[in-house]
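Dear colleague,

My notes on what was found in it follow directly after.

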Amino acid sequence: MVSDSFVKQFEAERSALPGAGLPWLDHIRETAIERFGESGFPTTRVESWKYTNLSRLSRNEFGVPEPRSPESRFKVSEALLTPWLMAATDCHRLVFIDGEFSQDHSAIGDLPEGVILSRLAEIIESNPDFIHDAMAAAEPEDGDGLSALNTALLRDGLVLRIDAGIELPLPVQLIHYATDGDTATATHPRHLVTLGENSRASLVECYVGAPAARNWTNTVMTIDLAPGANLEHARLQIESNDAYHVGLTRLNIARDAAYSGVALSTGAILARNEFRAALTGAGADCRIVAGALIHGRQHSDITTEIDHAAPHTTSAQLFKNVLDDRSRAVTQGRVVVRPDAQKINADQSNKNLLLSPGARADSKPELRIFADDVKCSHGATMGDLDQEAIFYLQSRGLPEDEARKLLIHAFTEEVLDQISSPVIRDYLNKILEAAA
Amino acid sequence: MSMLSIKNLHATVGDREILQGLDLEIGAGEVHAIMGPNGSGKSTLSYVLSGREGYEVTRGEVRFMGEDLLAMSTDERAAKGVFLALQYPVEIPGVSNLTFLKTAVNAMRRARGEDPLDAIEFLRLARAKGKQLEMDDALLQRAVNVGFSGGEKKRNEIFQMAMLEPAFAILDETDSGLDIDALRIVSDGVNSLRAADRSMLLITHYQRLLSYIVPDRVHVLAEGRIVTSGGKELALELEEKGYAMLGLDDDAPAAA
């Protein structure tokens, strides 16, 4: 059982993990590894994992990445890493290689007063109280075994905190790069984002890797938006086709705060992109647009839960998948409207483009509504490219493959349209074009 | 010299033979009209000439500027200069009119071994050509045909024709669904594209279009073959007497 090996790994490493010896952190880690030991990897018997089977992932033996010398780290990445980087003048950048912070490739730049952008391991050492609340809040009862494992074994990640009323004009870019090596490795990055009242920021979160990397990324990001705060978040997963990726984004959206998230996934043999959002004050707004472009035997899972815990809250979700060959996409969108949470608007739409008869898409919208004055909608479509449109484009001189490419691009365009920052949109466009 | 030469063309859709021995010669610079009752094979002819899947040629040949047209794929025919203005232009959500046309223009330039136009050259050209067809910037920026009125869709077809400058254009029921103002804009657009090295085939049910775009020759298609041909006066005669004058069973072509 691989879950045993992670428990053993924890026992072996615990004294060397960042913050070892801090009683509250030790306690959180111990509770988490106990929970993981009990529950192990989620199985398809668990409702939210019904369509995504982790048995292939859990059969792997994942080691801990070797610590790298600064020279080898430099050699690893320069050519392979550069295409993923936003220009240093366009962003504040943090780069992690195999989970380890890389000073050489990061470019944090000048930050406005009231903004802290740092890394978790550093903050744990220097000012642990600073993250105590965020860390403690990140371990709720409904978390599954994988987020518990993340908590037990986390070493590093991003910390972004913005004080009330501050606007960060440039986006933050977070890059995780996985190298290839003789053994498969697992990393458990943990990121904490906290925006104060009426503050504003944008964040681009990227998971990439060497073409033959066999890593498992098991990451958790918690985002806390105080009243009136505004965050634009783009999440990009283009790991190697031999990699596994599980990413959980946990959101707390307070009164009048707005979250806009765009998640795109083209890499990994198995990827799960999960969002859990709680809308806790009137006027809170949550928009999620997520999509996967996959082929071969890739498996993509997009799972969300939006909890309308307060009246007058809104959510909109759009999921778009493009599937070729024998790939498979799972889309599960759950919307919960609590009793007394009246005047809710919650829309959800899932569109799947199946380019091959062997591709398969599962779509499961789930509405749990306990209030009566609400407007909730959901819809799902499945289909191939429009043959009439292909003929039309060909009759205007486009060869068939180019016509298909243009139509696929048009299908995904709606995802990028959600992004308001031109810098981020241009970046994602460039990345997607290179990946096509 | 003949631009398009069709000899004894037979074509089936599914297991139905729609074209049953059609002959047609169109010279360079000529505008021909094909009229005929519903179900006579007019649209099938336009799809066969543009190479649409599902339309199978079982006999006969089509030569375009001396080459075997039927051996080419749809996009190869387009690159050689064949253009089809569709009766029902297709909506393509997510692709702007300009992106669509720029991709098309440059695909054809590439097929002809020419350099692609850059964004600025292309936009200048599109605005100049769009002016006559009243294609304003808003229509150019919008997704192809999405939410366009019937008239806007047809104007867009002729605008594409102006941009792609084909040697041979087939206009399939371009007049259908147009009010009189839209018909005038579209016809003016088509007439301004008439040239000594460009031929056209107008497919229409009604005579009305032919008062605006005056053809050199008029043919009547029935049961998959040309049953009679004449000058532009044939259309007027048909309007007056109906297809019944040819012993054909259909509503009169004047009943627009």
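**Findings**

B:Ile26 counts as buried, because 21 C-beta neighbours lie inside 10 Å; the term buried requires 20 or more other C-beta atoms within 10 Å of a residue's own, exposed means 12 or fewer, partly exposed lies in between, and C-beta atoms are placed from the backbone. This is a predicted model, in which local features need pLDDT of at least 70 and side-chain atom pairs count only at pLDDT 80 or more, while totals for chains, interfaces and linings use all residues. Residues are numbered from 1 along each chain as its sequence is written, and chains are lettered from A and ligands numbered from 1 in the order in which they are written.

As to confidence, the predictor assigns the complex an ipTM of 0.94 and a pTM of 0.85. Chain B has an average pLDDT of 92, and 96% of its residues score at least 70; pLDDT is the predictor's confidence in each residue, from 0 to 100.

**The sheet around B:Ile26**

B:Ile26 belongs to strand 2 of chain B. Helices (H or I, at least four residues) and strands (E, at least two) are DSSP runs, numbered from the N terminus. Beyond its neighbours within four places in sequence, B:Ile26 is in contact with B:Ser2, B:Met3, B:Leu4, B:His32, B:Ser199 and B:Leu201, a contact being two C-beta atoms, placed from the backbone, that lie within 7 Å. By C-alpha atoms, B:Ile26 and B:Leu123 are 34 Å apart in space and 97 residues apart in sequence.

In chain B, four strands make an open antiparallel sheet in the order 2-1-4-5. Strand 2 (16-27) and strand 5 (67-68) of chain B are at the edges with a single partner strand each, so one side of each has no neighbour in the sheet. Two strands pair if DSSP finds at least two bridges between them; strand 1 (residues 2-13) and strand 4 (residues 55-64) of chain B are joined in the antiparallel sense by eight bridges. B:Leu4 has B:Phe64, in strand 4 of chain B, as its bridge partner.

**Chain A**

Chain A contains 10 helices and 20 strands. Of its 436 residues, 51% count as buried. The C-alpha atoms of chain A occupy a box of roughly 70 × 55 × 45 Å along the principal axes.

Seven of the nine residues of helix 8 (residues 387-395) of chain A are buried, so this helix is largely enclosed by the rest of the structure. Its cover includes helix 9 (400-417) of chain A, together with helix 1 (42-50), helix 2, strand 6 (82-85) and strand 7 of chain B. Just after helix 8 of chain A, A:Gly397 adopts a positive phi of about 100 degrees.

**Core and contact between the chains**

The largest nonpolar core has 193 residues, and A:Ala277 and B:Ala85 are among those with the most contacts inside it. Such a core is a set of buried Ala, Val, Leu, Ile, Met, Phe, Trp, Tyr and Cys residues joined through C-beta atoms within 7 Å. Strand 14 (residues 285-294) of chain A provides the largest share of this core, seven residues.

Where the chains touch, 19 residues come from chain B and 16 residues from chain A. Helix 3 of chain B gives the most to the side of chain B that touches chain A, with five residues.

Yours sincerely
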